[in-house]
Amino acid sequence: MSRAIALWIILIQACVWVPAGRAQSPDRDIRLKHGDDPRWAAPDWDDSDWTPIKYTEYPARAGIYWVRIRLVRPDHSTAPEWVDRYEYLWPSGTKQAPIDGLFFSTVYSFELFLDGQRIATDGVVGHDRASEVPGKLDHLVRLPEGAARRPVHVLALRMSTYHYNFPATQMSIGFQPVNFAQRLREEALQPVFPLIGAVGSLLMTATSLVLFWFIERRRALWLVSVVSLVLAVFYGLIAVRWVLPYTYDWHYPRLLAITWVLTCASVLLIWLLLEQFAVPRKLLWLALSAPLLVLAWQASPIYELKVLWICRAMLVVLLAVTGWACWQHRPGAWLALAGVAVGLLVVQTDRRVFLDPTFFLMIEGIVLLVFAALGAQVQAERTRAREAQLTTARLETELLKKNLQPHFLLNTLTAVAEVIEQDPQGAVGFIEDLGAEFRLLAQMSGERLVPLERELELCRLHLKVIGRRTGREIGLVTEDVNGSLPVPPALFLTLIENGLVHQRWAAGSAFRLRSRPEEKGVSHVFFSPGTARDENTRRGGGTGLRYVKARLEESFPGRWTFTHGAVAGGWETIISWQTDPVSGGVP
């Protein structure tokens, strides 16, 4: 309970800490007038009766209108009222990179005038949706020679927005005075990181699928492939803006698709870490994550902030998951926790903006860390499995030697001789039973798993031989067992042998085996009749118990439990194992 409280404290602290980095946008002063008059492009046109608006208050789907924006390059001679009135300042640039261009990201069709001269058009401005032709989203406009040297500029935009299909009725407009050549290079480099992310994600998808199909049928590995495929789509959607420039009416569907894909990736990534670190109550964790993601969707109408909040919600949940995994000493948990912490620091940075090409690579980084932890876990389990196989082979040899040792054979042959003298017909059956047991044992010893019904047949043959040899009958009673269930060979035979050796059993008693299904596997309760000769020796079990445990580790690596102890009238052993998490059947 205390651990759960601590986890929720971490969660709450993270939620409180995250909003501190929310970006603030400055307001701008712009003049707008509905209508259409080409004279409004003139730099000296009196726009004092135009409506002042902020840069986020451009009306959508409201006919043709004009806006005028005055840009000032302040110096010692600039009148203060210009600077006070208009907040767009012309950057000074450098000798190596003078300002000679304007970069626009537009969701409208427009004609652009600088100081009365038309310098760019995009699409066709129209009076209605049918007459308007949507233009491209991004524009880099080179300024006329000498234009940048003037201290004050007037930008006039004639525009229409009938194909603006965002739900909002107002929109924002932004532009930047830039160095044309420098911005051209930057735009050419923009898709590099998203394409690296997309290619890397596809390679990760292929690699994890091959590993899943041919090497290890593990659900976490399958989830890595699915998450990587979704991330490849995500990075592809980011890159498409620069790889396949589109008209502005496709911008909203693209942003909507990016947001949904990121939401899916967030849910899958949470599921992946829950699966990787074997966190209990996975559905509850996912259910608790859902409200956070819904709140993230509602955090802002602006998609760049919406996506940022989805990232934050996902990382907060991942922080809790990896924190719990570290607490439980899960392999690779500290590595994943470090990746999540770095991700939280990234989304906390104010200067990070929507679709920054390097920003979302941190998500792929987290998947890579989980993939590395998964690989280390698989390697460790394979090492344990190889060691278990070697141990099993050695113990199997010892058990066979034990059944063929001179003492066992001498007692058995002596019993056969006595039976021949007293009951020749019964002696034939004794020899046949002994031969059948050895034959079945030889057939099963080389197999990894056998049906439970064959194991029980071997146990009954052995008890029959023991009964004939000792003159005391002892039976085997089963309850609710599934004869087709695969079990390691000689598993219950070894428990019977241990019971016969280490306990005082009476004639007419019986071993009992009861099976019961569990949520993810099966549990077997095995009862050996009689009191233990020496409880410490009985609990140690010797070679027999080491063989049983080695067989379980070989067949169900890391997914089995073994407990035993004295109970009323005998000794009880409980063996449980989980079925394969992916196939649901045998490993």
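I began this notebook with helix α13, where I found Leu452, Glu455, Leu456, Leu458, Cys459, Leu461, His462, Leu463, Val465, Ile466 and Gly467 to be buried. The model I am reading is a predicted one, and I keep that in mind for every entry below.

**Entry: helix α13 and its end**

I looked up the extent of α13, which covers residues 452–470, and noted that its 19 residues reach 27 Å from the first C-alpha to the last, close to the 27 Å expected at 1.5 Å a residue. I then read past the helix to Gly471, which follows α13 and has a positive phi, near 80°.

I asked myself how many of the 14 residues of α16 are buried. Ten of them are, so I describe α16 as largely enclosed by the rest of the structure. The buried residues that I listed for α16 are Gly544, Leu545, Tyr547, Val548, Ala550, Arg551, Leu552, Glu553, Glu554 and Ser555. I also checked the length of this helix, residues 542–555: at 1.5 Å a residue it should span 20 Å, and its end C-alpha atoms are 21 Å apart, which agrees.

Turning to packing, I found α14 and α16 at an angle of about 160°, with 9 Å between their axes. Angles over 145 degrees count as roughly antiparallel, and I therefore record α14 and α16 as roughly antiparallel to each other. Their crossing is left-handed.

**Entry: the annotated transmembrane regions**

I consulted the UniProt record, an unreviewed entry, which places the feature "transmembrane region" at residues 192–214, 221–243, 255–274, 283–300, 306–325, 332–347 and 359–376. I compared two of these spans with the model. Residues 192–214 are 100% helix and 0% strand, and the end C-alpha atoms of that span lie 33 Å apart. Residues 283–300 are 89% helix and 0% strand, with 28 Å between the end C-alpha atoms.

The crossing of α4 and α5 is left-handed.

His329, which is not a glycine, has a positive phi of about 60°, and I located His329 in the loop between α8 and α9 (333–348). Is His329 buried or exposed? At 69% relative accessibility, His329 counts as exposed.

Ala490 also has a positive phi, near 65°, and lies in the loop between β14 (486–487) and α14 (491–502). At 10% relative accessibility, however, I have to count Ala490 as buried.

**Entry: pairs separated along the chain**

I looked up Val367, which is found in helix α10 (residues 361–404) and is buried, with a relative accessible area of 0%. The C-alpha atoms of Val367 and Leu269 are separated by 7.6 Å, although these residues are 98 residues apart along the chain.

I next took Ser105, whose place is in strand β5 (residues 101–105). Ser105 is partly exposed, with a relative accessible area of 29%. Between the C-alpha atoms of Ser105 and Leu140, which are 35 residues apart along the chain, I read a separation of 8.9 Å.

Last, I turned to Pro59 in strand β3 (residues 58–59), where I noted a relative accessible area of 16%, so Pro59 is buried. His34 is 25 residues from Pro59 along the chain, and the C-alpha atoms of these two are separated by 9.9 Å.

Methods: Residues numbered from 1 in each chain as written. Predicted model: local features only at pLDDT ≥ 70, side-chain atom pairs only at ≥ 80, totals over all residues. Heavy atoms only, no water. UniProt positions renumbered as here; feature names shortened; annotations may be inferred. Helix = DSSP H or I, 4+ residues; strand = E, 2+ residues; numbered from the N terminus. Left-handed = near helix turned anticlockwise from the far one by under 90°. Expected span 1.5 Å × (residues − 1). Buried < 20%, exposed > 50% of the residue type's maximum accessible area, 1.4 Å probe, protein only. Axes fitted to C-alpha atoms, helices over the stretch in contact; angles between N-to-C directions. Parallel < 35°, antiparallel > 145°, perpendicular 65-115°, else oblique.
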